[in-house]
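Keep the viewer open and click along.

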Amino acid sequence: MKKQRKALQAPNVIVFIFLVMVIMMILTWIVPAGAYDRYFNEELNRTLIDPDSYHAVAQSPVGIMAMLQSISSGFIRNISTIAYVFCWGGAFGILMKTKLIDDGIKSVIGGNRRMKAPFLIIVFISFLFSAGGAFVGIQQSFWAFTPVIAVLCASIGYDELVAFVAVAVANNIGYMCGPMNMWNTGVAQQISELPLFSGVRMRLALWVLFMTMLLVYTWLYARRIQKDPARSVTYGLEKKSLQLSEEMGERAELTPRRKVALACLIAEFVVFIILIAFFDMTSSGKIGAYLLGTGIIVAVVNGNDYNEIADGFVEGFQMVLVPCIVLGMAGGIMEILESGNTLDPILHGAVQLLSGTSNTFALLMIYLFQFLFNFLVPSGTAQAATTMPIIAPLADLVNVSRQSAILAFQFGDGYSNMIWPTALLAPLAFTNIPLKKWLKWFLPFTAVFIVVSCLVLVYASMTGF
């Protein structure tokens with residue numbers, strides 16, 4: 001018998017980062033070495049490049065042993081960011097141990113089954129799942145709720161596509177805007193030497209704007225299929241979501257004590273937003289301490305004992321292990337580029353390519369690059385770790401603020417997750433929506449989003465956001 005061929009699979013993100021390291025090592029042998037002069041700006045509290053100081057230097061190619069050694073050097077280089085991600089993961093692990101988030105969502109869904117205004121249910125649920133992406137950075141664990149929402153949608157005359165939008169797409173919009181999402185905004189800002197979660201008011205406004213756009217577009221579709229079910233994207237297809245919803249469809253019962261714990265959790269997140277938005281609590285150390293302390297308080301109120309809290313903390317570390325490895329290896333990429341004097345020639349080449357253009361055009365080119373790059377690396381953390389060390393100094397050289405560059409990165413990374421199959425197929429697997437039909441329905445909204453997001457970036461460039 002002939003052996004069956006294995007299906008072609010996208011490389012693991014760690015494999016991809018290692019391949020990038022190999023490519024960067026090869027470039028140190030090919031690209032003519034050069035360097036910019038750098039200086040530390042005390043007012044901005046960051047290292048800047050003198051744009052007129054580029055000069056050739058001696059070639060210093062990196063060998064295989066040096067490349068492998070750069071991995072450990074990369075961990076040392078990004079140790080402060082890695083430590084904060086571990087702290088964030090530990091705090092989130094404690095919260096996940098309480099199961100308050102999952103049970104709270106199930107309770108809300110169960111309670112909303114009796115609401116009279118059908119689409120207001122979808123609006124509420126969409127913002128609920130979107131907030132998880134915006135403020136906590138939850139994605140994959142929310143996708144499993146799609147079948148439950150599909151059952152709810154069916155009961156009020158909607159279909160699986162509306163459920164998919166309410167869970168996965170709304171969640172992705174929140175994750176993309178990321179007012180306090182550690183995995184894209186947080187990592188990118190830490191690498192770019194910006195205060196953690198700075199610019200939160202702008203991102204909150206964009207979150208509301210894009211969610212409103214999404215819900216209006218979905219409402220027009222939902223109203224249409226309520227009148228004529230035959231116009232549904234999933235009309236005539238087997239309801240896969242109904243088969244998957246049995247386990248999750250039961251409404252979670254919250255005891256009075258757990259309701260108090262859930263109220264504490266919500267209150268602590270509200271206070272968290274206020275502290276960052278209005279009191280400039282942007283120190284990663286203070287934010288980490290706040291999250292850890294409030295996580296322990298919620299767990300104690302919920303009735304978890306000290307062993308469960310400790311187990312949750314450890315499980316949270318395990319949950320963020322891969323992102324931390326990515327951060328370390330991405331630091332290794334920068335070690336290779338700097339050791340081989342190859343980083344600055346890449347920056348110089350990009351500046352020459354963009355010379356004669358406006359800073360707004362340069363910002364839009366960053367957006368385009370991130371949008372396309374996400375096809376290869378559908379991971380916000382991996383993208384931030386591999387591209388922001390180059391994008392941040394490039395932004396300085398083309399007179400674009402680093403905050404605006406991060407916004408372009410967020411738009412390019414986040415939104416394309418609903419377009420590129422490398423990121424889309426996983427959440428879509430919880431529904432019965434064919435990929436082609438999804439894209440046909442979603443591409444008109446994509447065109448509108450791209451226009452609006454470009455206008456936002458033009459505004460950010462003009463105002464120096």
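A residue counts as exposed when its relative accessible area is over 50%, and as buried when that value is under 20%. Lys 227 comes in at 68% relative accessibility, so it lands in the exposed group. Bear in mind that this is a predicted model.

Lys 227 belongs to helix H10. Although 70 residues separate Lys 227 from Gly 157 in sequence, their C-alpha atoms are 8.9 Å apart in space.

How do H10 and H21 pack, in terms of angle and axis distance? H10, which covers residues 200-227, meets H21, residues 435-463, at an angle of about 160°, and the axes are 12 Å apart. Because of that angle, H10 is roughly antiparallel to H21. The crossing itself is right-handed. On the H10 side, the residues involved include Met 202, Leu 206, Phe 210, Tyr 217 and Arg 224, while H21 brings in, among them, Trp 441, Phe 445, Val 448, Ser 453 and Tyr 459. Sorted by class, this contact has 17 nonpolar residues, 2 polar ones and 1 charged one.

H21 also holds Trp 438. That residue is buried, with a relative accessible area of 0%. Its C-alpha sits 8.0 Å from that of Leu 161, which is 277 residues away along the chain. Leaving out residues up to four places away in sequence, Trp 438 touches Leu 161, Phe 164, Val 165, Val 169, Met 418, Leu 424 and Ile 433.

Over in helix H5 (residues 118-136) you'll find Ser 126. Is Ser 126 buried or exposed? With a relative accessible area of 0%, Ser 126 is buried. Its side chain reaches the backbone oxygen of Ile 122 at 2.6 Å. If you skip neighbours within four places in sequence, the contacts of Ser 126 are Ala 166, Ala 170, Met 211 and Leu 215.

**Around H3 and H14**

Next up is the pairing of H3 (residues 79-98) with H14 (residues 306-319), where the angle is about 130° and the axes are 6 Å apart. The two helices are therefore oblique to each other. H3 passes H14 in a right-handed crossing. From H3, the contact takes in Phe 86, Gly 89, Gly 90 and Lys 97, among others, and from H14 it includes Glu 308, Asp 311, Gly 312, Phe 313 and Glu 315. The class count for H3 with H14 is 8 nonpolar, 5 polar and 4 charged residues.

**Two loop residues with positive phi**

Lys 99 is not a glycine, yet its phi is positive, at about 60°. You'll find Lys 99 in the loop between H3 and helix H4 (100-112). Asn 399 also has a positive phi, near 60°, and it too is a residue other than glycine. Asn 399 sits in the loop between helix H18 (380-397) and helix H19 (402-415).

| Residue | Relative accessibility |
|---|---|
| Lys 227 | 68%, exposed |
| Lys 99 | 54%, exposed |
| Asn 399 | 62%, exposed |

Conventions:
Residues numbered from 1 in each chain as written. Predicted model: local features only at pLDDT ≥ 70, side-chain atom pairs only at ≥ 80, totals over all residues. Heavy atoms only, no water. Axes fitted to C-alpha atoms, helices over the stretch in contact; angles between N-to-C directions. Helix = DSSP H or I, 4+ residues; strand = E, 2+ residues; numbered from the N terminus. Parallel < 35°, antiparallel > 145°, perpendicular 65-115°, else oblique. Left-handed = near helix turned anticlockwise from the far one by under 90°. Contact = heavy atoms within 4.5 Å. Nonpolar A, V, L, I, M, F, W, Y, C, P; charged D, E, K, R; others polar. Buried < 20%, exposed > 50% of the residue type's maximum accessible area, 1.4 Å probe, protein only. Polar contact = N/O pair within 3.5 Å; in protein donor to acceptor, adjacent residues only side chain to side chain.
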